[in-house]
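I opened this notebook to record what I looked up, one entry at a time.

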Amino acid sequence: MSASVRTNQWLSVVGWRGLFRDRPIIPLIGLLGVLIVAIELADPGIVGPEWAGVIVRASVPLAILGGCQTLAMLTGGIDLSVAAVASMSGFVTATLLHSPGGVAQGIIVVLVVAAVAGLLNGIGIGVFRVHPLIMTLGMSFVVLGLANVWQLQNVQTGAGVPDSLRWIGSTTFADVVPYNLLVFIPLTALILVGLRRTGYGRLLYAIGDNPVAARLSGTRAWQVLIVLYVISAVMAAIAGLLISGLTNTASVSLVDASLLPSVAAAVIGGTSILGGRGGFGGTIVGALILTVLTALLTVLGLPEPSRQVLFGAIIVVVAAAYTRVTAET
Amino acid sequence: MSAAAVTTERSLSDVLVSPIRRNTWVLALLGLLAVLLVFTKLIQPSYGLAGVQGLGISILPLAFAAVAQAVVVIAGGVDLSIGSVMALTSVIAASLMEGQSDAFGVAVVVGVLLLGVVIGTTNGALVVITRVPDIVVTLAMSFVWAGCALLVRSAPGGAASPWLLNLVIGPFGNPWIPKAAIVLVVIVAIIWIPVARGRFGLSLYAVGSNQLAAFRSGVSIGRTKVLAYALTGLFATLAGLSLTASTSIGTPVPGPYTLESVAAVVLGGVSLAGGRGGVFGPIVAVVVLQIIQNDMTFLNVDPNYALVAQGVILIGVLVFGSVIEIRRARR
């Protein structure tokens, strides 16, 4: 527990630990490789281009949701409203299928609704300094409740996942490359460049690393936080559209099961929940690791309960190993 | 803990005012509760015995869950596995008690409570040993405990011993007092009051409010945290058992209790930053939330709006609280 002991340990191995600390993605890719080898051993011949396509297709929405958590966690926050916003987005788009504007109108509507939810989150957290956990939790109740109300009012009109969403969410080019990468790659480029090269990205790190120093150097944290939670909610809505296309279902609780994995993806990816450290690259690998892990546990023929137990245990072990290697808490 | 205990001379006004000032939040909640009860009686003149009895039994699981969450939040942590622990202990109890004698049922309850302490200790030990943030460890453990619950029983079932049902259902003496309320108050008082008054309680608040300061004044942070999680495990198990008692079966799928317990704790005046608050506030908050939900049913509001209302109240109360806090800081 003593801080001085920890510092000494850290200094003595600063070389390789420093490498892992600065480039957390290297051990993570190693872990991903080990899992892929394990799955190939468990079921020889399963790993191939098509399998990779399936894994990537399933990882993309999780990586986007993990991205929401990553951005929020960089500032020391968390966004528990992503699942409700994502489910709402897929569901409302499906109910607006037969509206005059069609799918495009539906998508615009849900992106605007998501942005409003994010704006309120940001105002609560940035201006009124409500704890992010509670603010986004409350928002998730509000969004889920309103989505339920909307559902009851639309029972007669019927709903269906639009063909275009199914296409982008679930089909693949030449049976290998999933089309959802068309959304994911530009989004990723935007986030990576945004975090590394723009002033706004540095402000996110600054607020999370040392809020007092950030304030003293003239950062208006509330503005940064409002923009952050709007971005997070819009990304969640996009992920929700892809998930409803992938699963061909529109339900107000569709994405609920992905809430905790989205946090796990960011954490495994090396983003510190305490703020100031991490990045989106690690989260993408984290999402891939979680997807491959789920696939591995399925291939091993384990029943669902055992899979859940192992899934949780492995997250603890990876997070613990990660904390040890990078000597950060 | 209390500044008053340090000074030897206390004026009368200090004795009267300081408990009020310290418990403003809880007193305000009690006021809100009173207003809500009057409001309920106005919109539903027939609200009476049945309503109060129903209220008693329906708040029991969440009230225990809120107490469980409060303990660990005071120590500066958070436990996202409470819902899963409730599901696990509830199915184990229901499965073992089915068709067994009362004596065996008592043994089951004792055994399950011990198991709850073990589960909590495991959570706490993992948090301390791995140095991974609480939220991540307990999040991952929520998968583990929920998986274990499904391993015990894949579908809802089992049964609760009749004495367990009798313990919480029905009135106690006066027809207005639900047994469930007595059970809640007595159990929480027996466990919490000695804890809060003793050395451990002091270190609990110390670790929660400033870990470094606590460490430097000789508090063992690791031990305090593990004990806090053990206590949380115990209360989460009581929540699980009351779930079994109120539904008379065990359900392996976790309910919404984890996040609702966090909400109740914060509404109840416990700071998520740790070191502040008690277990009484969260219990009142649970009652308030339940009455609001009941009122919306009486008013024929779409039950889904109840969820919206819960979110709005949660956010609204906290915004209100922090506005006051910010104003006070400016003065």
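I looked up F184(A) and F280(A) in this predicted model and found that both are buried, meaning under 20% relative accessible area, with over 50% exposed and partly exposed in between (1.4 Å probe, protein chains only). Residues are numbered from 1 along each chain as written, and chains are lettered from A in the order written. Local features need pLDDT of at least 70, side-chain atom pairs count only at pLDDT 80 or more, and totals for chains, interfaces and linings use all residues, while side-chain values use heavy atoms, without hydrogens and water.

Rings of Phe, Tyr and Trp (its six-membered ring) pair if their centres lie within 6.5 Å; planes under 30 degrees apart are stacked, over 60 edge-to-face, the rest tilted. F184(A) and F280(A) are tilted, because their planes stand at 55°, with the centres 6.4 Å apart. I placed F184(A) in helix α9 (residues 181-197) and F280(A) in helix α14 (residues 280-299) of chain A, 96 residues apart.

I then looked at F311(A) and F143(B), an edge-to-face pair with 5.2 Å between centres and 70° between planes. This pair crosses between chains, from helix α15 (residues 304-326) of chain A to helix α7 (residues 134-152) of chain B. F311(A) is buried at 11% relative accessibility, and F143(B) is buried at 13%.

I also noted one aromatic cluster of W167(A), F173(A) and Y179(A).

Last, I checked chain B as a whole: 51% of its 331 residues count as buried. Its C-alpha atoms fill a box of roughly 60 × 55 × 35 Å along the principal axes.

Conventions:
Helix = DSSP H or I, 4+ residues; strand = E, 2+ residues; numbered from the N terminus.
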